[in-house]
Structures are given as C-alpha cells and as structure tokens.
Amino acid sequence: MIPPTAYLDALSHIDAPSNITAARQDFLGKFLQAGLPDSHQEDWRYTSLAHLERMPLHAPEAMPETLPALEDYPGALLAYSDDRLVWQDTTLPATVLSTLSDAIGSGMPAAFGSLAGNGSLTQLNAALWREGACLRVPAGERLRQPVFLRFAAAEPDAMLYPRVFIHMAVGSDAILVENFLGDPGIEYWQNPVTEIILEAGARLTHLRIIEDSKLATHTGLTAVHQASDSSYRALNLTLGGQVARHELKLTLAGAGAEARLDGVFIVEGRRSAEQHLRIVHLAPRGNSRTFYRGLADGRGRGVFDGRVEVRAHADGSDAQQSSRNLLLSPHAEIDAKPQLEIYADDVKCSHGATVGSLDEDALFYLRSRGIDSETARRLLLEAFVGEALGLLDDTGLRDWMMPRLLARMPRSHSEESRP
Amino acid sequence: MSNLDLQRQIDSEYRWGFVTDIEQEPFPQGLDESVIRRISAQKGEPAFMLEWRLKAYQHWLTLHEPTWATVHHPPIDYQKIYFYAAPKMGNRPKSLAEVDPQLLATYEKLGIPLQEREALAGVAVDAVFDSVSVATTFKDKLETLGIVFCSFSEAVREHPELVRQYLGSVVPYTDNFFASLNSAVFSDGSFVYVPKGVNCPMELSTYFRINASNSGQFERTLIIADEGASVSYLEGCTAPRRDENQLHAAVVELIALKDARIKYSTVQNWYPGDAEGRGGIYNFVTKRGECRGDNAHISWTQVETGSAITWKYPSCILRGDNSVGEFYSVALTNHHQQADTGSKMIHIGRNTHSTIVSKGISAGHASNAYRGLVKVLAGADNARNHTRCDSLLMGPDCAAHTFPYIEVKNPSARVEHEASTSKIGEDQLFYLRSRGLSEEDAVNLIVNGFCKEVFKELPMEFAVEAQKLLAVSLEGAVG
Amino acid sequence: MLQIRNLHVAIGGKPILKGIDLTIHPGEVHAIMGPNGSGKSTLAQVLAGRDGYDITAGSVQYLERDLLPLTPEERARAGIFLAFQYPLEIPGVANVQLLRTALNGQRRSRGEAEMDAIDFLDYVKDKLALLGMDDSFLYRSVNEGFSGGEKKRNEILQMAVLEPRLAILDETDSGLDIDALHLVADGVNSLRRPQRAIILVTHYQRLLNFIVPHQVHVLAGGRIVRSGGRELALELEAKGYAWLSEEISDAADFMETYL
C-alpha cells in the first residue's frame with residue numbers, strides 16, 4: 001500500500017480555494033478507506049494497479065522551469081505540465097475558458113462534481129486536483145475553433161490529477177480535444193476526471209487522446225450527462241501508456257439525446273489498454289452508437305468492456321455496439337465483454353464483438369495485385385482502424401491527428417513472423 | 001399490440017402440478033454429517049463414495065452462495081430442507097410389476113409410459129421420483145450392446161470402478177456452492193456408459209419428478225462415451241404446484257473420449273410458480289462436458305420454460321484437438337420467473353470449434369439473462385467460435401440481459417459474438433393477423449420462428465413437445 | 001511464355017491436380033473448361049501463388065523464369081494477373097487507393113517513376129470509360145456493396161490498369177446476366193494484345209461466344225483430358241461433361257496403373 005503520507009503530503013501542496021478545502025479532506029478520507037481498486041472487483045478484473053504500490057509516487061514538486069516544446073495546436077490551447085498551467089493561447093473570454101480553480105474562485109459552477117460518482121480513484125482526483133480546466137459555452141453559441149487541453153507529465157514518479165469541467169448551455173456547439181502525454185521513458189500516474197454536461201440541444205465533439213509514455217499508468221474517467229436532443233460525439237484514441245484505462249460513463253437523460261462513441265486502441269510490447277463504457281438510456285428515444293477498433297501486437301493486451309443499460313420507460317431507445325479486434329502476435333490477448341441490460345420493451349439493441357487476425361484472403365488479394373505484403377498489411381490495418389476515425393473529418397482534425405496515429409501503428413512484421 | 005392487450009391475462013395452467021399421495025420413507029430435516037452417512041448407508045454405498053461425500057460436505061461448509069447472477073430470492077434455509085425423500089417401496093423393484101401402481105399411474109399421467117410395450121418407440125427411460133430412481137426401461141436390450149444405462153445408485157453398486165474413475169472428473173466437488181452441496185447429498189440420478197465404437201441405437205431419457213413437499217432434489221448424472229461411441233440423451237422434469245419454493249441442485253458430467261459424440265437435450269419444465277410469483281422450483285444446476293479426446297463432440301440443447309429461478313451454464317471443455325462444443329438454448333420466462341443461463345466454451349486443443357445459439361424470451365415481470373464465456377487459450381491454434389444471442393421482449397415490465405465474456409490469447413483464433421434485443425415485431429404481428437391468425441397464434445408463430453434454430457437440434461418428438469410447451473408457457477403473456 | 005510441366009498439386013495431402021501440361025504463347029487465348037471440382041480454380045490459384053497448396057511435382061516456367069518460388073506480388077509485378085472468381089470486399093480501402101498502390105508497386109519494380117495522383121486519375125479515367133464505369137467506382141471501398149456484375153467489372157478494370165502479360169480470368173462469367181457479360185467480354189476483348197496471353201477458366205462455353213479462344217482444354221479429375229479448337233467447347237455445350245467421364249476414368253486407371 002502506498003503510505004497515506006504520500007497522499008496527505010500531496011494534499012498539503014495544494015492552494016485550494018478555501019470553500020473546497022474541507023471537501024478535499026473528506027474525499028481523501030474516503031479514498032484512504034477504500035484503497036486502490038483491485039481485480040476482485042468485477043469492473044477491475046482485467047486491471048492490475050499493484051505496480052503503483054511499488055512506486056515512490058509523490059505530488060509534483062517544483063514548477064517546471066522551461067516551457068515544454070509545444071507542437072502545433074490548431075485552436076485555443078491550455079497547456080499543463082505536471083498539473084500546472086504553463087501556457088495558454090486563446091482569445092476566448094475567461095468566463096468561457098479558464099482554469100477550474102479560477103472558475104471556482106469566482107463561484108462554484110453548478111453541478112461540478114455531481115457526475116463523477118464515487119469510485120475510489122475519482123475520490124482521489126477530487127481530493128488532489130490542482131488547477132484543472134473549465135469550459136463553459138453560453139447558450140446558442142458556437143465556438144469556431146477547437147479547444148485543446150494538453151496535460152503533460154515531466155517529473156518522474158509524479159501523481160497527476162487533471163480535472164476538467166465542461167458545461168454546454170442550451171443549443172451551444174463546440175469541439176474539445178483532451179491530449180494526455182508525458183516525457184518518453186519516465187514513469188508516472190495520470191488519474192484524470194472530466195465531467196461534461198450537455199443542456200438541451202447542445203452539441204459537443206470530443207477527441208480524447210492518450211499518448212502517455214510507454215511506462216506511464218493512465219486511469220481516466222469521463223462522465224457525460226445529456227439533456228434532451230443533445231448530441232455527444234467522441235473519439236477515444238488510446239495510443240500510449242503501459243497501463244491505460246479509460247472509463248466513459250454516459251447518461252442519456254433527456255428524450256431524443258444522441259451519442260456516438262468511436263474508439264481505437266493500439267497495444268504492443270507489454271502495454272495494456274482498456275476501454276470501459278457505461279451507457280445508460282434513461283429517457284425515451286435515445287440513440288447510442290459505439291464503434292471500437294483494437295489492435296494487439298507483441299505481448300499487448302486490449303480490453304473492450306461495453307455495457308448498455310436501457311432503463312424502464314426509455315421507450316424507443318436504439319443502441320448499437322460494435323467492437324472488432326485484431327490479434328497480431330501469438331502472445332497478444334484481447335478480452336471483450338459487450339453487455340446489454342434491458343428493462344424496457346420497445347427497444348432496438350444489438351452488439352457485435354469479434355476477435356481474429358488479419359484476413360489472409362484479403363492479404364493475398366492485394367498481393368496478387370502486386371502490392372508487397374508489408375504494404376498490404378499496412379493498408380489493411382489502416383483501413384481497419386480507419387473505420388472508426390470518421391470524426392477526424394467532421395472536426396477538420398485529420399491532418400493534425402493522422403501523423404500521430406500512424407506513428408503508433410504496429411510496425412510491419414517480417415514474412416516469417418506471420419502465422 | 002397495446003400494453004392493455006399484453007396484460008389481458010388468461011390464467012396459465014401448469015398441467016403437471018398434481019400431487020401423488022404416496023407414503024414416504026421417514027427422514028430427518030436439515031443437513032449434518034449424520035444425514036450424509038445415512039443417505040450413503042441407505043444406498044449401500046462403498047466406502048469411497050461416503051468419503052467423497054464427506055469431503056464435499058466439509059468443503060461446502062467453507063463456501064457461500066454465489067451472488068453474481070442477476071437473480072433475486074429470499075435466503076434459503078438449508079436446515080429446513082429434507083435432503084432425502086423416497087416413496088416407500090422396500091427394496092428397489094426388480095421389474096415393473098413390482099412398482100407401486102400409484103407411481104406408474106403418476107408417470108402415465110405425465111405422459112411418460114414406463115410399460116415397455118407402450119413406450120415411445122426408440123426411447124429408453126429412467127424415471128426418478130424425488131430422491132430415487134423407480135424404473136428403467138429397455139435395460140436388457142441395451143446390455144446386449146454393452147451399454148450401461150441405470151440409476152446412479154445402481155451404478156455405484158454394480159460398476160464402482162467406472163464411477164470412481166469418472167465421478168467428479170469434470171465437475172469436482174470443489175467446483176461451486178451448489179455442486180459441492182450436490183456432491184455431499186446427491187440421492188440418485190442416471191448413469192450411462194457407452195463402450196468403444198458403439199452407437200447407442202435409441203434415445204436415452206431420464207424423467208425427473210419432485211413430489212414430496214419441502215424436499216430438495218439433488219440428482220447426479222454421469223455420461224461416458226468411450227472412444228468412437230455415440231449417444232443421445234434427453235432429460236425432462238416436472239413438479240407439483242406448491243406455494244413454497246423447492247431447491248433442485250443437480251450436477252451433470254459428460255465425458256467424450258476420442259471420436260466420441262454426446263448429445264444432451266433438456267426440456268426443463270419444473271413448476272415455475274404462479275402468476276404472482278408464489279412458489280416454484282429454484283433450479284441451480286451445474287452441467288459440464290469435456291471433450292477429452294481428439295475429434296470428440298459434445299452438444300447441449302436446452303429448452304427452459306419452467307422453474308421460478310434458473311441458474312445454469314452447460315459448458316464444454318474442448319481439450320482434444322478438432323473437438324467440437326455446441327450449446328443451443330431457448331429460455332422462456334413469464335410472470336415473475338428469473339433465468340440466468342448460458343454457456344462456457346473453453347478452447348484448449350487445436351482446431352477446436354464451438355457454437356453458441358441462445359434465444360431468450362421475456363414476458364410479464366420476468367427477467368432473462370444470457371451469461372457466457374468463450375475462452376481461447378494460447379495453444380488453441382485455429383480455434384473458432386460463433387455466438388449468437390437474441391432476446392425477445394414482450395411487455396413493458398420484463399427485462400433481458402446479455403453478459404458475454406470473450407478472452408482470446410491466440411492470434412489464429414476467430415471469435416465472433418452477435419447479440420440483439422428487440423420487442424416482438426408489431427408489423428409482423430399485424431401482417432399475420434391481417435391474414436386471419438389470432439393474436440395468440442401469431443405470437444406463437446413468431447416465437448417459434450425465433451427459436452427455430454434451437455428446436456431443429458432437438459430429437460423430433462421432443463421438438464414438437466417443446467413447441468407446445470412454449471405456447472402453454474406464454475399463455476397469459478399475450479391477449 | 002508459360003510452360004506448365006507435369007504439375008501435381010495437393011491440398012492437405014489430397015491430390016487435386018495430377019499432372020498438368022500446358023504451353024501458352026504470347027497473344028494466345030486459352031480456355032480451360034471442366035466440371036465442378038475438376039481442379040480449374042486450383043490451377044488458377046496456384047499460378048497466382050496462393051498459399052496452402054502443396055506442389056508435389058512438376059514445374060512452371062514463365063517468361064524463362066521459374067514461377068513457383070515467387071511470392072504473389074512478385075508474380076503480379078512480373079505481369080501475372082488473376083481475376084478472382086469471388087472478388088473480395090475490403091472495407092475501408094478505396095478502389096483508387098488499391099489501384100494506385102498496385103500500379104506504382106509494379107512501376108517501381110520495373111524501375112519506372114511512380115505516377116502521381118493527378119496523372120493517375122487521368123490514366124484511370126480512360127480505363128473507366130473503356131469499361132463503361134463511372135468515377136464513383138473509384139471512391140467506394142474495394143468491392144464493398146458492389147453487385148455481382150460490378151465486382152466482375154471491377155476485376156477487369158484492375159486488369160486494364162495493371163496491363164498484365166498473362167491474365168487468368170477465373171469464372172469471370174459466373175453470375176453475370178447477358179448485358180453484364182457483354183460489358184465484361186467487350187472489356188476483355190479490348191485488352192487483347194499480341195504480347196498478352198489470356199487464360200479463361202470457365203464452366204460454360206457461353207463466354208467463348210464472346211471471347212473466342214485459340215485453344216480449349218478440358219480439365220477433369222485433375223488432368224487435361226482433351227485439348228482442341230473452339231469446336232471442342234461447342235461439343236461440350238451439346239453433350240455436357242458426362243460423356244467425358246468414361247474417358248476420364250480410363251485415363252485415370254491407365255495413369256494410376258502404369259506410372
């Protein structure tokens with residue numbers, strides 16, 4: 001067990017607005033009581049966080065002195081290093097985009113903290129987040145440029161607790177990109193929580209990209225609450241991290257709400273990537289589409305755990321879920337757990353999950369047209385993953401994202417290593 | 001179809017709910033070591049059997065009832081159950097002529113004739129009444145082929161070496177709470193051994209009947225198909241209508257050696273409780289088969305319409321290369337019934353194939369869950385699985401769930417899972433009704449179509465029975 | 001340009017081709033006919049380099065090289081093209097992407113410059129016109145959602161783009177209505193060249209009314225049991241394959257006994 005002093009020490013580092021200091025102590029107490037989740041809990045059966053117990057984890061110390069080299073972000077940007085805001089490039093007023101501590105300083109945003117639930121890691125984030133980010137789009141307003149939140153890690157063995165709160169007022173429209181990354185070769189733990197509220201008719205397109213270092217642990221939660229006729233479209237890309245786990249809790253609370261959840265994960269080496277989706281249809285005529293693609297190479301392990309719940313009286317709900325996965329090496333593993341829980345009768349729900357290898361017939365077809373096997377393999381893998389990348393076109397971010405994604409594609413195997 | 005129509009209730013009649021008034025052997029209530037010793041003594045078992053029971057009992061004491069299934073029931077008081085109930089008939093009758101005529105009449109009434117000359121053509125029956133087997137037909141005929149088909153008690157006495165070798169080799173007494181309990185107290189059941197190269201020429205069938213009140217039924221079935229052998233086995237069950245819940249915790253073990261084939265079909269029609277959810281059987285059953293040799297084949301088919309609660313996952317361990325496992329299931333729940341059922345396919349050998357087809361139908365206030373696991377181990381090259389789970393919902397108060405687990409560690413494997421949940425199609429109903437069918441007939445037609453893939457796996461006579469059973473079980477679910 | 005000598009092929013230990021001899025010169029069109037299961041498609045697949053076939057005896061020379069050790073893509077770059085009986089659907093890979101990658105792979109292997117996207121589009125549009133196909137074909141995923149006729153036309157489009165030396169059309173006529181058959185046959189005929197040889201694998205002689213072959217071979221039981229001119233195809237049309245069976249079994253017995 002990580003000594004409680006590490007957490008208590010981290011808490012003492014935080015200059016919180018006084019109105020939430022007591023709450024933080026309360027959250028930390030709850031976390032210390034529950035401890036880290038372990039694999040005896042059904043939702044954690046594929047995850048081990050035991051390695052965290054062995055790390056000298058601590059809150060990040062000094063403010064980084066040099067600015068991180070920032071790649072080009074085509075939009076408004078808040079850049080964080082080790083949980084502190086180090087750079088911003090935005091023309092949006094502070095009432096729209098600011099740090100979360102500033103937003104709380106000028107009055108607690110309504111509903112902050114109400115969606116994240118009470119998982120022990122969520123309690124820990126609630127106790128130890130530092131500056132955070134807050135985006136509030138006023139009613140009827142449409143942001144012309146995407147908003148980028150960049151959470152980087154620079155200090156070895158740091159515990160990081162990014163916290164994001166998004167409020168989309170009635171009829172507003174925005175594109176949000178959360179990007180998690182860290183210095184290559186360092187170990188650290190990112191435990192972010194993002195809460196998103198969509199009021200009636202609001203629309204949000206959300207790219208969430210995990211590009212953490214190959215040694216990092218990422219345990220993230222996104223909680224989304226949708227009012228009637230709102231639209232939430234997300235693309236979750238898990239491309240980094242030794243252990244990367246993302247949980248997405250989505251509630252279609254208002255009639256006619258619509259969600260589209262796309263995702264791609266790529267694991268190789270000894271990396272693991274887990275996607276846990278909890279979609280709850282509470283109100284009539286909700287529509288959810290889940291579309292995930294996974295590649296597991298090396299000794300990597302990919303997990304897709306998707307649960308759709310249709311509650312009583314959510315009539316006319318339509319939920320479709322698809323998880324397709326490729327195993328590219330004899331030592332890789334894929335676990336899939338697509339689940340439906342239905343308590344209403346006027347519904348249309350389906351899910352499909354497949355695990356297999358690259359289609360040898362398709363490979364031969366391409367080779368018979370003169371395409372060498374490496375190129376053929378790459379084409380097929382890109383096509384396979386590409387099916388889940390439609391949102392890149394809709395957001396105009398394809399050119400920005402594709403090079404980063406392609407760099408993470410499994411490198412071609414030589415002829416001999418194919419089964 | 002409007003909800004009003006759906007709720008137009010026609011009181012469903014459970015046609016097998018009568019009680020046979022027959023004198024019982026006295027036996028104490030509750031469970032301790034002495035009860036187990038007494039069961040074993042009653043049956044004249046060899047020492048190894050008693051030892052095994054006692055080990056199972058000791059292990060059971062360390063376990064807790066599983067809670068992961070989506071079923072709800074008040075706590076079961078294991079000290080209130082009679083763990084042994086037998087009709088008084090002295091020693092087991094040597095021939096049908098010695099069987100109590102009241103018992104024969106009971107089976108006659110259930111449509112299970114025990115008189116061989118009247119028996120269903122080509123079906124041998126073992127009839128189990130509460131805790132004991134009362135009659136087995138066609139035994140002699142089967143013996144000429146070397147096939148052993150008898151009650152479990154008899155097998156323990158007559159073929160102890162086979163029992164000792166195979167009992168608990170697929171479902172060990174440590175397997176789970178209910179399997180442990182069964183291992184400690186099982187009273188009777190069926191035993192089948194088909195020797196090398198023999199194709200069993202007739203369907204073997206066991207008919208289970210719970211009669212006594214407050215009693216549990218804990219039967220054990222063990223089927224062994226030796227190399228190149230094949231057998232088809234059918235299990236049926238009913239119980240009287242009673243207000244209290246009764247526990248049925250059976251264990252079935254199948255062993256298919258090299259090139260052997262076992263087909264196991266179940267039509268489960270235990271008393272489901274009344275329309276308000278009073279009474280009914282708790283059916284907590286462990287069924288598992290192992291394809292122990294290459295090219296072995298095990299196929300489970302089940303039609304589950306009865307029981308207040310069903311908790312069972314007929315599974316296959318595909319150890320032999322090229323072995324095949326299949327699971328075909330129809331589970332229908334109405335009123336307040338709950339079912340949590342599915343299958344596990346464990347791929348160990350190379351080129352192993354498995355198929356799962358599950359059709360769940362929920363009506364009234366019932367809940368119906370598919371829970372399954374497809375696991376492909378690293379050595380299982382070219383493993384294939386195809387799973388299809390469909391749920392049909394009838395009425396706004398029922399529930400349907402799908403909980404599949406897929407774990408694949410071999411890149412040459414191909415595992416495909418598909419599931420769908422939908423309401424019975426109004427357009428289809430309307431179309432059929434506009435062609436002159438009554439609503440009830442239209443629903444039956446659609447439900448039978450929905451289940452067709454499974455019914456075609458049943459032996460012919462039973463497929464017809466199963467269709468009728470479905471229609472009866474749906475009464476009250478539709479107007 | 002192609003010499004097949006005593007080719008024996010087995011799948012999983014089961015012999016399929018039992019000694020094929022066939023010589024094809026540039027500019028020739030050969031039809032290979034035969035009943036189902038005779039080994040026609042196996043021959044086509046083996047020439048294209050498909051895995052999973054054991055070549056137990058014999059040799060195949062193509063343009064003075066040993067063909068058998070070459071990978072499928074090496075064969076394609078050397079000018080062999082197989083039009084598949086069942087063209088595959090490849091979701092997510094656009095037709096134009098396949099065509100350009102394939103063509104440029106060939107050009108690279110011949111030491112020629114790759115074609116850029118603009119030049120390529122001009123080039124491919126001419127080919128489309130030739131086959132009466134419109135531009136939208138290019139941007140759809142390979143064969144996904146294509147009708148049977150569209151798939152077969154798409155195979156011929158690939159052939160037109162890749163300009164092979166030896167084209168093998170495996171049951172290209174199957175599943176086509178008469179109009180589609182006309183389109184496909186016109187496409188193939190327009191691609192006949194003095195340097196290009198074509199092998200038509202077919203069950204029916206119908207296709208040969210439109211694409212007239214120089215020679216017809218009848219494959220049965222894994223061997224070529226008859227070779228002849230176009231009239232052989234007409235004979236097969238009139239009599240079916242049954243009349244061959246006696247000859248085949250005799251020939252087979254002969255081979256089994258005396259080899």
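How many salt bridges does the rule find across the interface of chain B and chain A? In this predicted model, the answer is two. One of these salt bridges joins B:Glu407 to A:Arg45, with 3.1 Å between the closest N and O atoms. Polar contacts have been counted for the interface as well: between chain B and chain A there are 15 residue pairs in polar contact, both residues of each pair being at pLDDT 80 or more.

On the side of chain B that touches chain A, the elements that give two or more residues are β20 (384-394), β21 (399-408) and β22 (414-423) of chain B. The residues on this side comprise 15 nonpolar, eight polar and six charged.

The extent of the interface can be considered next. The size of an interface is often expressed as the accessible area that is lost when the parts come together. Here the area buried between chain B and chain A is about 2,500 Å², and carbon and sulfur atoms give 51% of this area. Of the area that chain B buries against chain A, 23% is supplied by B:Tyr405, B:Ile406 and B:Pro411, more than by any other three residues. The contact itself draws 29 residues from chain B and 32 residues from chain A.

Strand pairing also links the two chains. Strand β20 (residues 333-342) of chain A pairs with β21(B) in the antiparallel sense, over six bridges. Within this pairing, A:Ile334 has B:Val408 of β21(B) as its bridge partner.

Over all chains the count comes to 32 aromatic pairs. Among them is the pair of A:Tyr80 and A:Phe151, which is stacked, at 4.8 Å centre to centre and with 20 degrees between the planes. Because A:Tyr80 lies in strand β1 (residues 76-81) of chain A and A:Phe151 in strand β5 (residues 147-153) of chain A, the pair ties together parts that are 71 residues apart in sequence.

Chain C contains an open sheet of four strands, in the order β2-β1-β4-β5, with antiparallel pairing. The edge strands of this sheet are β2 (14-24) and β5 (65-66) of chain C, each of which pairs on one side only. For β5(C), the partner is strand β4 (residues 54-62) of chain C, and the two pair in the antiparallel sense over two bridges. In this arrangement C:Gln61 stands opposite C:Asp66 of β5(C).

Methods
Residues numbered from 1 in each chain as written. Chains lettered and ligands numbered in written order. Predicted model: local features only at pLDDT ≥ 70, side-chain atom pairs only at ≥ 80, totals over all residues. Heavy atoms only, no water. Contact = heavy atoms within 4.5 Å. Buried area = accessible area lost by both parts, 1.4 Å probe. Salt bridge = Lys/Arg side-chain N within 4 Å of Asp/Glu carboxyl O. Polar contact = N/O pair within 3.5 Å; in protein donor to acceptor, adjacent residues only side chain to side chain. Nonpolar A, V, L, I, M, F, W, Y, C, P; charged D, E, K, R; others polar. Pairing = 2+ DSSP bridges. Phe/Tyr/Trp six-rings, centres within 6.5 Å; stacked < 30°, edge-to-face > 60°.
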